[in-house]
Amino acid sequence: MKLDSYHSVYFIGVGGIGMSALARWFAHNGYKVSGYDRTPTALTQKLEEEGVAIHYEDKVENIPAEIIENKEKSLVIYTPAIPASHKEYNHLKDHGYEIKKRSAVLGLISEQFFTVAVAGTHGKTTTSSMVSHILKSAGKDITVFLGGIATNYNSNFIANNTDKAVAVVEADEFDRSFLTLSPDLAVVTSADADHLDIYGDKDKLQNSFKDFIHKLRHNGKLYINDKIAKELVDDSFEGIVNTYGMNRGQFFASNVTMNNGFFQFDYQDAQSKIERLMLGVPGFHNVENVTAAIAIGLELGLSEEDIRKGVESYRGVKRRFEYVLRSEQIVFVDDYAHHPVEITAFLSSLKALYPDRKVTAIFQPHLFTRTRDFAVEFSESLSLADEVILLDIYPAREEPIEGVSSELLLENITIDKKELCTKEQLINNLEEKELEVVATIGAGDIDKLVEPIKEMLKGRYHV
């Protein structure tokens, strides 16, 4: 299948973070792009402003005429998140259209480029955006597909200038999507148990990561977190293995100190040492992530000056340790963390940055299965806060499971100040509390509460 044989591309679920990046790539490369999504969002609005025609009702008659009238030149791309009963999808399938999953198309696009793929159950969006920014700020021609909005570019996509560009791709382990990729360089940040509704157990998830590592092209290079290298890399892997970490691995960060809420560190490997780098976003885990990104930058020929400039000017990803408000009176941080390991990393860094201030964590669990599978670990990680407010579980694609609710987490949280709260009650609840550092945490629709909380805090603390 060659992409240049198509003229029009139709997306079912165009507003998804991964889908919208693909839509932008096709639009940039001269295809006629249109799509369906269930509801308008900031992302779909931006796509419409960029010339993508989008509708929000699942009706066959809404499919654009150029798709209906020219089947041979039309490619249909869908997200697995759409229901099996979707009318447009079923009509196009029944009429023999070329229909591909998002991940398969991303694989086809990346085949055309020298590709850097970043995988991991945590840290992949941040690390892939770090790689992208370090290369872009050094003047490299790149095309980028991210699973989040990079603050530096206010986008999940960066367009290539030529067909000689380097592709930077976030490689998603969900439903084994990353196995469509065959990168030249790969990063694996982590492989903790997750998506057990898909994989069943941690061994099967790790086997999927091993399969991904073996998808590297001939003479490909793997950059893997030193903590998991022994678990995932065995003698059957024929590529070059590079390990990285904080004070460990072949590529490592050392002398990590905090300076004005940011992290200063030295980077070192067998060939180079770059001292007193200043990372513009907080989080111990981000020092580790940027170490992998620096190693990739050096591999692709960047200078120490390029690296320093890229690291210091990196501004993060929306909803990854994102400061919403920061003043003497009140700090408000929003984070996408939805797994116990991520919550532990986030709250540990937050406590390290503000050791003398009370941290109030507002958490919305994501998925009934994940809440059930990691109930004890969620409670342990949330106990790092000084006060916890639990919202109801965000179901996403799932039906409720009997006996699984936020109450399951509440009972095992070890701090005294803990409670359940509805989204509707949250603002009133917060208005009655003494607040110093507030954190919203979760991957559901908790992001819709960020603006109302911000406005309430601005009014109350006069910031």
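**Salt bridges, cores and a helix**

Modeller: Let's begin with Glu50, which counts as partly exposed because its relative accessibility is 39%. Keep in mind that this is a predicted model.

Colleague: OK, what does Glu50 form a salt bridge with?

Modeller: With Arg24; the closest N and O atoms are 3.0 Å apart. Arg24 is in helix 1 and Glu50 is in the loop between helix 2 and strand 3, so the pair ties together parts that are 26 residues apart in sequence.

Colleague: And Arg24, buried or exposed?

Modeller: Buried, because its relative accessibility is 6%, and the cut-off for buried is under 20%.

Colleague: How many salt bridges does a search of the whole structure find?

Modeller: It finds 19. One of the pairs is Asp445 with Lys423, at 2.8 Å from N to O. Both of these sit in loops: Asp445 between strand 21 and helix 17, Lys423 between strand 20 and helix 16, so the pair ties together parts 22 residues apart in sequence. Asp445 is buried at 15% relative accessible area, while Lys423 counts as partly exposed at 32%.

Colleague: Which residues are linked in a network of salt bridges?

Modeller: Lys358, Glu387, Glu419 and Lys433.

Colleague: Switching to helix 10. What does Glu299 pair with?

Modeller: Glu299 forms a salt bridge with Lys221, with the closest N and O atoms 3.1 Å apart. That links distant parts of the chain, since Lys221 is in strand 11 and Glu299 is in helix 10, 78 residues apart.

Colleague: How many of the residues in helix 10 are buried?

Modeller: Twelve of its 16, so the helix is mostly covered. Among them are Asn286, Glu288, Ile294 and Gly297. Just after the helix, Gly301 has a positive phi of about 90°.

Colleague: Now the cores. Which residues touch the most other members of the largest nonpolar core?

Modeller: Phe11 and Phe26, out of 48 residues in that core. Helix 1 gives the largest share, six residues. Beyond its neighbours within four places in sequence, Phe11 is in contact with residues including Met19, Phe26, Tyr36 and Ile77. There's also a second, separate core of 39 residues, which includes Val131 and Ile296.

Colleague: Last one: how does strand 13 pair with strand 12, parallel or antiparallel?

Modeller: Parallel, over three bridges, with Tyr244 opposite Phe251. Strands 13 and 14 run antiparallel, joined by six bridges, and there Asn259 has Phe262 as its bridge partner.

How values were computed:
Residues numbered from 1 in each chain as written. Predicted model: local features only at pLDDT ≥ 70, side-chain atom pairs only at ≥ 80, totals over all residues. Heavy atoms only, no water. Buried < 20%, exposed > 50% of the residue type's maximum accessible area, 1.4 Å probe, protein only. Helix = DSSP H or I, 4+ residues; strand = E, 2+ residues; numbered from the N terminus. Core = buried A, V, L, I, M, F, W, Y, C linked by side-chain atoms within 4.5 Å. Contact = heavy atoms within 4.5 Å. Pairing = 2+ DSSP bridges. Salt bridge = Lys/Arg side-chain N within 4 Å of Asp/Glu carboxyl O.
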